[in-house]
Amino acid sequence: IAATQPSTDWHLKENAREHHTSKFSSEELIVRRGQAFTITFNGAERPEQNLIFIAETGPKPSKATKTLATFDISSAASKEGWGAVVQSSSASSVSISISSPHNAVIGRYRLSVQSGSSSPQSLGTFVLLFNPWASGDDVFMPNAAECEEYVLEEFGIIFAGNKNHISSFGWNFGQFQGDILNICLAIMDRSLYYRQDPITDVSHRHDPRYLGRVLSAMVNANDDQGVVLGNWSGKYEGGKNPTSWTGSGEILQSWKKSGFKPVKYGQCWVFAAVLTTVLRCLGIPTRTITNFSSAHDADGNLRVDEFYDAEGNHLEKGADSVWNFHVWNESWFTRSDLGPSYSGWQVLDATPQEESGGIYQCGPASRHAIKEGEVELDYDGPFVFAEVNADCMYWNYDSATGKKTLIFSKSTEIGASISTKAVGRDARVDVTRDYKYEEGSAKEREIFKKARKKLGLEDKFDPTAPKQEEVEQKPDISGKFKVAGSLEVGKDLNLLLVLENLQSDAKTVNVNMTAWSTLYTRRRVNQIWKDSLSVTLAPKEEKQFPIKIKYPEYQQQLTTDKTIQVTALCHVKDGIQVLVKRNITLDNPAIDIQVLGEAKVNKEVVVEVAFTNPINEEVKDCVLQVEGSDLLQGILELRIPPLKASEKSSTKFKLIPSEAGPKHLLVNFFCDKFADIKTFKMVNVIN
């Protein structure tokens with residue numbers, strides 16, 4: 001006859017401390033693979049030498065798929081499989097140290113014990129995660145400070161703007177908050193891979209390569225009713241504007257609460273931030289990467305084509321595009337499929353841009369393989385290589401005749417200032433050199449040619465295009481836009497168009513200029529301004545033409561991305577056209593946070609947020625949103641009365657921090673005239 005149900009002491013505190021899982025707030029044991037944990041249970045039949053343990057996960061556990069392990073008590077833990085060692089025993093209870101292999105399947109396990117011939121008794125469930133602190137694990141990261149940042153840190157900084165003007169905002173990853181771990185486990189069980197073949201899917205969950213790829217598909221809603229629905233239209237009715245989110249928690253909770261309906265809406269940084277949360281939660285070291293002037297090469301020829309009409313308007317023609325910036329992920333793990341030199345940081349991208357293997361997923365692509373032009377190696381090498389390396393071709397397109405003429409091409413445009421947050425500091429680190437050799441160097445061109453050759457592309461240009469139009473002529477003049485004054489929403493935009501005659505005879509130039517508000521993907525939304533001028537440039541002469549676009553002219557047209565594209569198409573008499581363009585990102589006015597007094601665990605502390613209306617008219621519908629892991633639960637939303645011209649508002653609220661250490665408070669302020677003014681503040685909480 002079976003004994004009574006044993007009661008289990010999971011030693012939650014001690015095990016969590018040993019396994020770097022103390023930040024989870026859970027009544028369930030959460031441990032990392034390849035490392036022992038201790039449990040004590042009573043009511044077991046003696047002697048304990050006869051005990052057999054059963055650990056199982058997934059829908060139909062089996063030894064063949066490594067989702068079922070049975071193991072008895074031994075004197076020492078085995079290196080290969082699961083093992084149990086008696087720590088201590090008394091008349092009524094026994095303490096056992098249980099260890100799992102370094103390559104165990106991760107997820108929620110059921111643990112039971114069997115004594116002699118009696119039927120197994122359930123001891124309960126526990127969750128097993130990846131272990132970057134253990135040298136045998138595929139995700140082993142030898143540097144402890146990096147483990148701390150890329151697995152345990154709940155705050156991040158995401159870089160945005162454009163390559164001339166890099167901006168940044170904070171993000172609350174919140175991977176240890178509330179129910180996030182359970183939601184991450186649910187994401188795995190809702191993937192197409194699991195739905196098609198749950199047994200095989202679960203058996204692959206020991207492999208960070210596999211899970212990285214599966215989760216890059218599940219974070220976007222395409223194909224599988226995944227977490228976030230992308231929207232790049234500039235219109236966000238029926239959901240939240242992608243720029244308004246400040247953390248992943250709200251998104252993941254909404255997905256679960258709605259019965260797993262995709263959350264509206266995301267753009268690249270939202271997909272990357274949510275994937276960071278999920279992978280850090282599961283124990284895979286992960287960070288966000290921002291690539292400036294990022295190519296989206298839709299046709300796989302390692303070049304992007306942009307088309308302009310005679311007025312200088314950027315045309316929506318062709319599927320290629322260049323984004324002011326694009327955010328993706330890097331995760332850290334070994335590539336036993338490719339060889340040791342390809343281990344380390346791997347590129348994953350959850351933004352739905354191109355299908356891979358029939359669904360919207362991207363990666364893992366070894367960063368080392370990208371740098372060396374080894375684009376044939378798994379997965380999605382050509383797409384990632386193009387994002388940082390594609391050549392740009394600028395065309396004049398005549399819609400009446402369908403004729404296209406090459407204006408110029410540029411091989412140094414794409415993939416600039418590739419950025420990520422520093423380890424342990426709120427600063428930017430440039431990782432461009434880890435993706436490619438120095439722009440313009442012989443080595444960089446050699447790698448580009450190597451990649452084109454591997455893809456079967458001809459040496460210079462696309463062999464299908466007629467040749468004569470691709471011969472680049474030398475321009476007679478050069479031009480550039482210079483910024484004069486500040487780039488701030490609410491202020492006039494002052495620019496200089498600088499034209500220089502490169503020849504030793506005079507040149508007559510007709511210039512057509514336009515300014516459009518765009519999304520950060522450079523998709524045009526509204527025309528703001530147009531003008532034209534005629535000028536004669538004396539030999540070698542340089543002239544400057546001031547351009548002023550007043551705030552009232554652009555205020556209604558600006559998107560929440562606050563980006564404007566200015567172009568000047570210069571028609572040189574008896575010469576070739578010259579295209580001058582600049583993408584401008586405006587800054588929001590500043591907002592200020594002060595913590596009044598010392599922040600202590602479980603004690604109230606007052607925070608003051610101040611904002612001054614910088615424009616000459618009233619702003620209304622003002623809302624302040626505040627969040628921060630371990631500083632407050634969920635999101636605090638405060639409505640603020642309208643502000644007259646130049647009026648200052650000061651808003652106070654209280655926090656009760658729940659944990660000591662450096663924590664980050666994130667603030668987002670928006671009103672009818674300003675979208676999503678964000679800032680963050682580090683709050684050092686003491687015991």
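This is a predicted model: local features need pLDDT of at least 70, side-chain atom pairs count only at pLDDT 80 or more; totals for chains, interfaces and linings use all residues.
View 1. The contact draws 31 residues from domain 2 and 29 residues from domain 3, while the C-alpha centres of domain 2 and domain 3 lie 31 Å apart. Within the chain, domain 2 covers residues 144–455 and domain 3 covers residues 474–585, the other assigned parts being domain 1 (7–129) and domain 4 (591–685).

**View 2. Helix α8 and the residue that follows.** Helix α8, formed by the 15 residues 268–282, reaches 21 Å from its first C-alpha to its last, which is close to the 21 Å expected at 1.5 Å a residue. Because 15 of the 15 residues of α8 are buried, the helix is largely enclosed by the rest of the structure. Just after α8, Gly283 takes a positive phi of about 100 degrees.

**View 3. The open sheet β24-β25-β28.** Three strands in the order β24-β25-β28 make up an open sheet with antiparallel pairing. At its edges stand β24 (477–483) and β28 (542–549), each with a single partner strand, so one side of each is left without a neighbour in the sheet. From one strand to the next, the twist averages 20 degrees. Seven bridges join β24 to β25 (residues 493–501) in the antiparallel sense, and the bridge partner of Lys480 in β25 is Val498.

Methods:
Residues are numbered from 1 along each chain as its sequence is written. Side-chain values use heavy atoms; hydrogens and water are left out. Helices (H or I, at least four residues) and strands (E, at least two) are DSSP runs, numbered from the N terminus. The expected span of a helix is 1.5 Å times one less than its number of residues. Buried means under 20% relative accessible area, exposed over 50%, partly exposed in between (1.4 Å probe, protein chains only). Two strands pair if DSSP finds at least two bridges between them. Axes are lines fitted to C-alpha atoms, for helices over the stretch in contact, and angles run from 0 to 180 degrees between N-to-C directions. Domain bounds come from an automatic or database domain assignment. Contact means heavy atoms within 4.5 Å.
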